[in-house]
Amino acid sequence: YLVFHGKEVLAFFKRSRTQSGLNAVLFTVIVLAVLGVLNYLAVVHNRRFDMTGQKIFTLTQQSRNVCRSVKSPLTLYAFAEEPGIIRSFRDLAQKYETENRKIRDEVINPLEKPEKAETYKITEMNTYVFDDGKKHRQTRDLSEEAFTKILLEMTSGKAKKVYFLQG
């Protein structure tokens, strides 16, 4: 068709209405491509910005340093079933995961998976276990201080005291 009716096709593409339509389609494709690239970059390079005055959504510098010292994969388990506790755990664990991709979290309902609870000898709800594959530690304290202390113990191999100062 293009060979025998080339002049008609060329005339079609020279019309201003056709050019306007093609420009609109091309612009739409470009905008969608740019949005797709931006979305991909946002997923790969996930960054959170804490604009609060007291930085309540950010780990302290000491916690970030300890978190970055984790060299092997580490899983934070929450043995809980209450939605509010699970949400608080996920929020805190997300801060650690943002600092180090080797850290991940998992919520386990011990009533649904009793074998997992038995593995870690969990006897109470709202217990948090840190497992690096070689050793594990647990706490019932859902706080940055407790989590950082355990991470410090696991990365250094010995128990240390962690103090947080507010000023």
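**Helix 6 and its surroundings**

Guide: Helix 6, residues 144–156, has 13 residues and reaches 18 Å from its first C-alpha to its last, close to the 18 Å expected at 1.5 Å a residue. That expected span is 1.5 Å times one less than the number of residues. Helices (H or I, at least four residues) and strands (E, at least two) are DSSP runs, numbered from the N terminus. This is a predicted model, in which local features need pLDDT of at least 70, side-chain atom pairs count only at pLDDT 80 or more, and totals for chains, interfaces and linings use all residues. Residues are numbered from 1 along each chain as its sequence is written, and side-chain values use heavy atoms, with hydrogens and water left out.

Visitor: Which residues are buried in helix 6?

Guide: Buried means under 20% relative accessible area (1.4 Å probe, protein chains only). In helix 6 the buried residues are Glu144, Ala146, Phe147, Thr148, Ile150, Leu151, Leu152, Glu153 and Met154.

Visitor: What covers the buried residues of helix 6?

Guide: Their cover includes helix 3 (61–68) and helix 4 (83–99), together with strand 1 (74–79), strand 3 (127–131) and strand 4 (136–139).

Visitor: How many helices and strands does the chain have, and in what order do the elements run?

Guide: There are six helices and four strands, and from the N terminus on they run α-α-α-β-α-β-α-β-β-α.

Visitor: What is the span of the C-alpha trace along its principal axes?

Guide: The trace spans about 85 × 45 × 30 Å. Of the 167 residues of the chain, 29% count as buried.

Definitions and conventions:
Buried means under 20% relative accessible area, exposed over 50%, partly exposed in between (1.4 Å probe, protein chains only). Contact means heavy atoms within 4.5 Å.
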